[in-house]
Amino acid sequence: MNHIAVGIGEVLWDIFPNRRTIGGAPANFVYHTAQLGLNSYIVSAVGNDVLGEETERVLKSKGIESRILRTDYPTGTVMISLDKQGVPRYDFQEQTAWDNITFNDEVARLAKHTNIVCFGSLAQRNIKSRNAIYQFLKTMPDTDNTFKVFDINLRQKFFSKELIHDSLSLCNILKINDEELDTVSKMFDIGTCSPQKQCVALLKQYNLKMIILTCGINGSYIIMPESVSFQAIPETEVADTVGAGDAFTATFCSALCYKKSVSEAHRLAVDLSAYVCSQHGSMPAIPDELKYKIIQ
């Protein structure tokens, strides 16, 4: 396949009480698109430190191409604690390498050939990385088969109305959960109507292709201008939910590249994200049975 998928933003180490694993939503996203056969790249930054060296080695071993800048800032980490349901709480280190991503000539060349990108709000907490992300989005081709996915991922205090507005203006697909939708709806004075109606309001205001709305145990929706797809959550024994949303997004976009319908892509995304929930860490290997359903 000639599809190029890029995750741009934070690459970091998830520090659990008893282990550490490589992560960050953009890295998780391209890990899964790489497993599903797309040419996959991470655009980020790491430090001139041991974790920076390990980051590049691990990403390469997982089949992910990198456009990673080395900086004098430390490689990012996030402390993660899990509640009894496996739902994570995050505490992000500040002033890190991924706050200092640069849009250089090599990244610009990649952007010109990218047709799927996933970015979030967290990596935009620093203006330098925010500008690099926006330049990447503006440099990408603008076609019917170009997916610019804003996986909003509101974390701690690292977002603002201006940041969200600018990101919505540059994306064509929004991925958001029900709690984040409530925050955004209040921020943009959308009102207290149903979540679907709130999504339709955002869809129209920003001329989006679709909105992916996840509602935890209450399932998920793909909301488009003319139709809605709903999928329930399969019963799963949860190890932790870290990275499950990133797996969902990666699977959904990959399945669309393999000419699956929106409803088929939705079902496959739910199945893979449920599998990730059953595993520890954000980057488990995809079982062949699930992989073949997506790529065939």
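By the grid rule used here, the count comes to one cavity of 30 Å³ or more; a cavity is a set of points on a 1 Å grid over the protein atoms alone where a 1.4 Å probe fits but cannot get out. Please note that this is a predicted model, where local features need pLDDT of at least 70, side-chain atom pairs count only at pLDDT 80 or more, and totals for chains, interfaces and linings use all residues. Residues are numbered from 1 along each chain as its sequence is written, and side-chain values use heavy atoms, with hydrogens and water left out.

**The cavity**

- The largest cavity has a volume of about 40 Å³, a volume being the space filled by probe spheres set on grid points joined across faces, edges and corners.
- Its lining consists of Glu 10, Ala 25, Pro 26, Cys 118, Phe 119, Gly 120, Asp 151 and Asn 153; lining residues have an atom within 4 Å of a point.
- Four of these lining residues are nonpolar, two polar and two charged, where Ala, Val, Leu, Ile, Met, Phe, Trp, Tyr, Cys and Pro count as nonpolar, Asp, Glu, Lys and Arg as charged, and the others, Gly among them, as polar.
- Helix H1 and strand E8 (116-119) each give at least two residues to this cavity lining; helices (H or I, at least four residues) and strands (E, at least two) are DSSP runs, numbered from the N terminus.

**The largest pocket**

- About 1500 Å³ of space lies in the largest pocket, a pocket being an open set of points with protein on both sides within 12 Å along at least five of seven lines.
- Of the 48 residues lining the largest pocket, Val 87, Pro 88, Asn 177, Thr 241 and Gly 245 lie nearest its centre.
- By class, the pocket lining has 21 nonpolar, 17 polar and ten charged residues.

**The sheet**

- Four strands form an open sheet in the order E3-E2-E6-E7, with mixed pairing; two strands pair if DSSP finds at least two bridges between them.
- Strand E3 (20-23) and E7 stand at the edges with a single partner strand each, so one side of each has no neighbour in the sheet.
- Strands E6 (residues 76-82) and E7 run antiparallel, joined by five bridges; Ser 81 has Arg 89 in E7 as its bridge partner.

**Asn 100**

- Asn 100 sits in the loop between E7 and helix H3 (105-112).
- At 9% relative accessibility, Asn 100 counts as buried (under 20% relative accessible area, 1.4 Å probe, protein chains only).
- Leaving aside neighbours within four places in sequence, Asn 100 is in contact (heavy atoms within 4.5 Å) with Ala 45, Leu 69, Thr 71, Tyr 73, Lys 128 and Ser 129.

Methods
Buried < 20%, exposed > 50% of the residue type's maximum accessible area, 1.4 Å probe, protein only.
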